[in-house]
Amino acid sequence: MIRSKLTVGLTFSAALVLAGCTDPNYAGIDRTNTKGGAAIGAAVGGIFGAATADDKGKGALRGAAIGAGIGALVGNELDKQEADLRRSLDNDDVRITNTGDRLIVTLPQDILFATDSSSVRPDLQRDLRAIAGNLNAYPNSTIQVIGHTDNVGDATYNQDLSLRRANSVASVLRNAGVPSSRILAMGRGEDQPVASNLTAEGRAQNRRVEIVILPNA
């Protein structure tokens with residue numbers, strides 16, 4: 001029991017120490033997600049280390065230290081990429097969410113497309129090209145482009161529209177230099193709402209395209 005408690009304590013200590021590293025060039029950015037990545041990595045690494053080692057305590061600690069290091073590096077890189085992306089975008093309607101293991105860039109479909117259209121508005125392509133520049137500056141990731149709709153109209157039509165819109169956004173990213181091998185476009189139709197479809201405001205939130213940036217392990 002004492003050994004188990006010691007291992008747990010050292011696991012989290014390793015995570016916190018590794019997560020405390022800072023880059024002087026990005027001294028002003030929020031490090032919450034760097035710390036979150038380290039903690040996640042430590043927990044996962046500790047589990048796998050214990051499962052694969054003869055000495056469970058040492059294996060957990062070793063796995064946690066390795067996992068925390070990897071998690072902290074991923075979190076730190078995402079923090080920097082997020083900061084750069086926010087500087088390059090000049091559109092308050094575009095939302096960037098950093099979960100610690102991925103970035104989610106949410107673009108309301110109402111600013112990207114006319115009603116029932118899957119052609120990206122020319123004035124919005126600048127923002128997509130800025131996102132593409134950021135993706136090219138941080139090449140160690142894969143990108144999911146996911147289209148979503150509200151529940152107005154036929155579900156099959158909404159599914160097709162969401163996919164066509166995702167493909168249109170992905171096409172702009174490819175034309176701006178992001179390799180096709182990094183991009184996967186998909187449509188979710190009306191299946192994954194983030195707000196109630198009972199109000200106009202909720203339906204507007206559900207009509208969106210998400211660009212999910214997933215760091216490669």
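The entries below go from the overall layout to the sheet and then to the core.

**Ground rules.** I am working with a predicted model, in which local features need pLDDT of at least 70, side-chain atom pairs count only at pLDDT 80 or more, and totals for chains, interfaces and linings use all residues. I number residues from 1 along each chain as its sequence is written, and side-chain values use heavy atoms, with hydrogens and water left out.

**Layout.** I found seven helices and five strands; helices (H or I, at least four residues) and strands (E, at least two) are DSSP runs, numbered from the N terminus. Reading from the N terminus, I wrote down α-α-α-β-β-α-α-β-α-β-α-β. Of the 217 residues, 46% are buried, meaning under 20% relative accessible area with a 1.4 Å probe, protein chains only.

**The sheet.** In what order do the strands of the open sheet lie? I read S1-S2-S5-S3-S4, with mixed pairing; two strands pair if DSSP finds at least two bridges between them. Strand S1 (95-98) and strand S4 (183-187) are the edges, each pairing on one side only.

**First hairpin.** I then looked at S1 and S2, which run antiparallel and are joined by four bridges. They form a hairpin with four residues between them, and Gly100 in the turn has a positive phi of about 100 degrees. Ile96 stands opposite Val105 in S2. On S1, Ile96 and Asn98 make up the covered face, while Arg95 and Thr97 lie on the uncovered one.

**Further along the sheet.** Strand S3 (residues 141-148) pairs with strand S5 (residues 208-215) in the antiparallel sense over eight bridges. Within this pair I noted Gln144 opposite Val212. Helix H6 (residues 155-175) packs on the sheet and touches S3, S4 and S5, where contact means heavy atoms within 4.5 Å.

**The core.** The largest nonpolar core has 31 residues; such a core is a set of buried Ala, Val, Leu, Ile, Met, Phe, Trp, Tyr and Cys residues joined through side-chain atoms within 4.5 Å. Touching the most other members are Leu112, Leu128, Ile131, Val145, Val169, Leu173 and Ile211. Elements that give two or more residues to this core include helix H3 (56-88), helix H5 (125-137), S3 and H6.

Terms used. Buried means under 20% relative accessible area, exposed over 50%, partly exposed in between (1.4 Å probe, protein chains only). Axes are lines fitted to C-alpha atoms, for helices over the stretch in contact, and angles run from 0 to 180 degrees between N-to-C directions.
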